[in-house]
Every structure is written in C-alpha cells, then in structure tokens.
Amino acid sequence: MKKKFTGLIVLITALICTLILASCGGQSAFEEIKNRRNDIDFQLLPDYKVVCDIKGETFTGKAPSYSVLQLESEPTEFMQSFGKKDGNGFSSEKNTELKEKIDSHANCCLKIPQEHYPNWESDYKWFNDDGLTDALTIIYFPNELRLVFYESGH
C-alpha cells in the first residue's frame with residue numbers, strides 16, 4: 001500500500017512539473033507581442049530577422065521582454081502608421097528615462113547580450129504607448145536598421 005501511495009505521489013509530482021514546464025515554453029516574446037497587440041500593423045514591417053528575443057523573470061504579473069529585429073530596409077510605413085493613430089508618432093528626442101528603465105531591467109531580470117544592447121550614443125527614434133501597465137516601447141536605430149520592442153511588464 002505504501003509503494004502505491006509513493007508511486008501516486010511521484011506521478012502527480014511529475015504531471016505538475018510537466019504542466020509547469022509546458023506553460024513556461026510557448027511563444028517567443030516577439031510572437032506574444034504580435035499576437036496580443038492588434039493595434040499595431042506588423043504587416044507593414046519590411047523583411048526582418050529576430051536576432052534577440054528575451055523574456056524576463058517575474059513571480060507575479062507580466063515579465064518584461066526585449067526583442068531586437070534586424071531589418072533589411074527602412075521601416076518607413078510601419079513607423080508612419082503610429083503617427084496616424086494618435087498624431088504623435090515616433091520621437092527623435094533623447095529619452096534618458098527609457099535608458100534608465102532598460103538599464104534597470106538589464107541589471108535584474110533581462111539578460112541582454114552586449115551586441116543587442118541599445119547604443120544610446122547613436123541616433124534613435126522611439127514610441128511609447130504610455131497608457132498601459134505593461135507599456136510597449138519601440139525604438140528604431142536607423143544607422144543599424146534595428147528595431148527594438150521593449151515591454152516593461154508589471
């Protein structure tokens with residue numbers, strides 16, 4: 001009887017661990033953004049390759065995420081579509097608050113490889129949808145043809 005009970009406990013534990021691991025897998029950070037954000041027309045993006053795709057760690061809520069797309073050409077239509085929605089569009093002003101936020105997440109829960117870390121000295125344009133708790137920020141580095149999608153999480 002004791003062996004059956006022990007076997008049952010082991011089986012239940014194995015099932016729970018399998019379910020936890022399966023739920024942690026799933027989609028990449030960028031795929032999650034694409035599937036969740038129906039207000040963004042991702043079809044306007046020119047050919048790209050996802051070169052960095054990181055989900056942060058969290059015990060509660062939505063973890064921060066960081067994805068870098070390497071583009072083959074300027075994402076002109078994609079970027080212009082943001083100005084049509086709210087009139088503001090992408091800003092070319094330097095954003096030290098954004099830099100500090102990404103730096104703080106990079107030091108705690110996002111392990112961003114150095115080659116995919118933003119070059120804040122380079123020219124960049126950014127867009128932030130402030131109203132959301134897990135705000136999405138899109139940063140475009142024209143000299144590198146790179147587009148960064150950063151979600152702060154909550």
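The model is predicted, so local features need pLDDT of at least 70 and side-chain atom pairs count only at pLDDT 80 or more, while totals for chains, interfaces and linings use all residues. Residues are numbered from 1 along each chain as its sequence is written, and side-chain values use heavy atoms, with hydrogens and water left out.

**Overall make-up**

- The protein chain holds 4 helices and 5 strands, where helices (H or I, at least four residues) and strands (E, at least two) are DSSP runs numbered from the N terminus.
- Read from the N terminus on, the elements follow the order α-α-β-β-α-α-β-β-β.
- Of the 154 residues in the protein chain, 40% count as buried, a term that means under 20% relative accessible area, with exposed set at over 50% and partly exposed in between (1.4 Å probe, protein chains only).
- Among contacts (heavy atoms within 4.5 Å) in the protein chain with a separation of 6 or more, 60% are accounted for by residues 24 or more positions apart.

**The sheet**

- The 5 strands make an open sheet in the order β1-β2-β5-β4-β3, and the pairing is antiparallel.
- β1 (48-55) and β3 stand at the edges with a single partner strand each, so one side of each has no neighbour in the sheet.
- The twist from one strand to the next averages 15°, with axes taken as lines fitted to C-alpha atoms, for helices over the stretch in contact, and angles running from 0 to 180 degrees between N-to-C directions.
- β1 and strand β2 (residues 65-71) run antiparallel and are joined by 7 bridges, including the one that gives Y48 the partner L71 in β2.
- β2 also pairs with β5 in the antiparallel sense, over 6 bridges, and in β5 the bridge partner of L69 is L147.
- Because 6 of the 7 residues of β2 are buried, this strand is largely enclosed by the rest of the structure.

**Helices across the sheet**

- Helix α2 (residues 29-36) lies across β1, β2, β4 and β5 (146-151), and runs at about 100° to β1.
- The buried residues of α2 are A29, F30 and I33; they cover an arc of only 100° around the axis, which puts them on the same side of α2, the arc being that of the directions from the helix axis to the C-beta atoms.
- Helix α4, for its part, lies across β2, β3, β4 and β5, and runs at about 70° to β5.

**Aromatic pairs**

- The structure holds 13 aromatic pairs, meaning rings of Phe, Tyr and Trp (its six-membered ring) whose centres lie within 6.5 Å, with planes under 30 degrees apart counted as stacked, over 60 as edge-to-face and the rest as tilted.
- The ring centres of F82 and F90 are 5.3 Å apart and their planes stand at 90°, so this pair is edge-to-face; F82 counts as buried at 1% relative accessibility, and F90 is buried with a relative accessible area of 16%.
- W120 and F141 form another edge-to-face pair, with 6.3 Å from centre to centre and 65° between the planes.
- This pair links distant parts of the chain, 21 residues apart, since W120 is in the loop between α4 (96-108) and β3 (125-128) and F141 is in strand β4 (residues 136-141); both W120 and F141 are buried.
- One aromatic cluster is formed by F30, F42, Y48, F78, F82, F90, F127 and F149.

**Two loop residues**

- S91 has its place in the loop between α3 (76-86) and α4, and the side chain of S91 reaches the backbone nitrogen of E93 at 3.2 Å.
- Not counting residues up to four places away in sequence, S91 touches Y124, K125 and W126.
- L145, in the loop between β4 and β5, has a positive phi of about 50° although it is not a glycine.
- Most residues other than glycine have a negative phi.
- At 22% relative accessibility, L145 counts as partly exposed.

How values were computed. Two strands pair if DSSP finds at least two bridges between them. A polar contact is a pair of N or O atoms within 3.5 Å; within protein, one must be able to donate a hydrogen and the other to accept it, and residues adjacent in sequence count only if both atoms are side-chain atoms.
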